[in-house]
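User: I am new to protein models. Please show me how to read one, feature by feature.

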Amino acid sequence: MSASLSNEQIEDKFFLLGQREILGILNDLAHRREPVTVYFNEGREFIVTLILSARDDGLVFDIGGDARANKLLEKSGSCVFQALPDGVRVQFSGLDPQRFTWGDQDAFWVPIPPRVIRMQRREYFRNQLPIVDPLKVRLYNDQAETLAYWPIYDLCVGGLSVQVSGPPQIRVQDRIAKLHIVLGIRNVVRCEGMVRHVSQIEKSKQGKYRIGISFHKLPHEMDVAIQRHINQLEYERRKLLPK
């Protein structure tokens, strides 16, 4: 993001403030059945959910799969919603989540947010990585066993994507207990992850797939290390451009 943008320009560029626009983007998430992560208790807890309805009288979203987390959310005074439809970051806040019966199922309700943040993939500095000597990510399960060790296709502070041959064993909404990326001698990224999309990009006998994984509970110092790594790659590329 350019440091020269004024507060008004930032608001115009990244914030949706109109009720019709906000309802439009929330209903789009609902119609697409886009996974949405809801953080609460200062980001220490979260559930993965789906938006069920967005109307003038409020936003309805599904309960999570963890009964303990649902009870904690019910007691929290606020929460933050994040989604990544097609690599576009959508984020907004919810106040006083209330559990109730919606039709024949349990759900949560919050008021419609007064504003929604929407950032294109390029606006949070995703960068395609070199093919030669690529950066790699190791995925671990809860038992500290290696699930995969893949070259990273592109990277940003919000997550990464990989390209693999053959149908992958992981699925959308799978939680990755730990991602491990070595950026350099002193910079190692360790955090949880969530599989956001699995897309077939090449129809051949074996098939090629692209997998998008978002970071969760990424410590600030690792956020900074990723951004520095991307900046350094961009600097090196610019040096190779003809004068």
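Analyst: Start with one definition: buried means under 20% relative accessible area, and exposed means over 50%. Partly exposed lies in between. Keep in mind that this model is predicted. Now take I25, which has 11% relative accessibility, so I25 counts as buried.

User: Where is I25 placed, and which residues does I25 touch?

Analyst: I25 is in helix α2, residues 19-32. Setting aside residues up to four places away in sequence, I25 touches L16, V90, V116 and R118. Also compare sequence and space. I25 and A54 are 29 residues apart in sequence, and their C-alpha atoms are 9.3 Å apart.

User: What does the protein chain have in the way of helices and strands, and what share of its residues is buried?

Analyst: The protein chain has four helices and 17 strands. Of its 243 residues, 43% are buried. Now look at contacts between residues at least 6 apart in sequence. In the protein chain, 58% of these join residues at least 24 apart.

User: Is E192 buried or exposed?

Analyst: Use the cut-off again. E192 has 19% relative accessibility, so E192 counts as buried. E192 is in strand β16, residues 188-202.

User: Which residues does E192 touch, not counting residues up to four places away in sequence?

Analyst: The list includes F46, R175, I176, A177 and L179. S214, F215, H216 and K217 also touch E192.

User: How many disulfides are there in the whole structure?

Analyst: First the idea: a disulfide is a covalent bond between the sulfur atoms of two cysteines. A search of the whole structure finds zero disulfides. C79 has a relative accessible area of 3%, so C79 is buried. C191 is at 5% relative accessibility, so C191 also counts as buried.

User: How do I read a pocket? Which residues are closest to the centre of the largest pocket?

Analyst: Begin with the volume, then the lining. The largest pocket holds about 420 Å³ of space. It is lined by 18 residues, and the closest to its centre are Q82, R89, V157, G158 and F215.

User: Which element gives the most to the lining of the largest pocket?

Analyst: β17 gives the most, with three residues. At least two lining residues come from each of β2, β6, β17 (208-216) and α4 (220-240).

User: Backbone angles next. Where does A144 lie, and what is its phi?

Analyst: Look for a positive phi in a residue that is not a glycine. A144 is such a case, with a positive phi of about 65 degrees. A144 lies in the loop between β12 (136-140) and β13 (146-156). Its relative accessibility is 59%, so A144 counts as exposed.

User: And K217: where is its place, and what is its phi?

Analyst: K217 is in the loop between β17 and α4. K217 is not a glycine, yet its phi is positive, about 55 degrees. With a relative accessible area of 40%, K217 is partly exposed.

User: Which residues is G166 in contact with, leaving aside its neighbours within four places in sequence?

Analyst: G166 is in contact with Q206, G207 and Y209. Again, compare sequence with space. G166 and Q206 are 40 residues apart along the chain, while 5.0 Å separates their C-alpha atoms.

Notes: Residues are numbered from 1 along each chain as its sequence is written. This is a predicted model: local features need pLDDT of at least 70, side-chain atom pairs count only at pLDDT 80 or more; totals for chains, interfaces and linings use all residues. Side-chain values use heavy atoms; hydrogens and water are left out. Buried means under 20% relative accessible area, exposed over 50%, partly exposed in between (1.4 Å probe, protein chains only). Contact means heavy atoms within 4.5 Å. A disulfide is a pair of cysteine sulfur atoms within 2.5 Å. On a 1 Å grid over the protein atoms alone, a cavity is a set of points where a 1.4 Å probe fits but cannot get out, and a pocket is an open set with protein on both sides within 12 Å along at least five of seven lines; lining residues have an atom within 4 Å of a point. Grid points are joined across faces, edges and corners, and a volume is the space filled by probe spheres set on the points.
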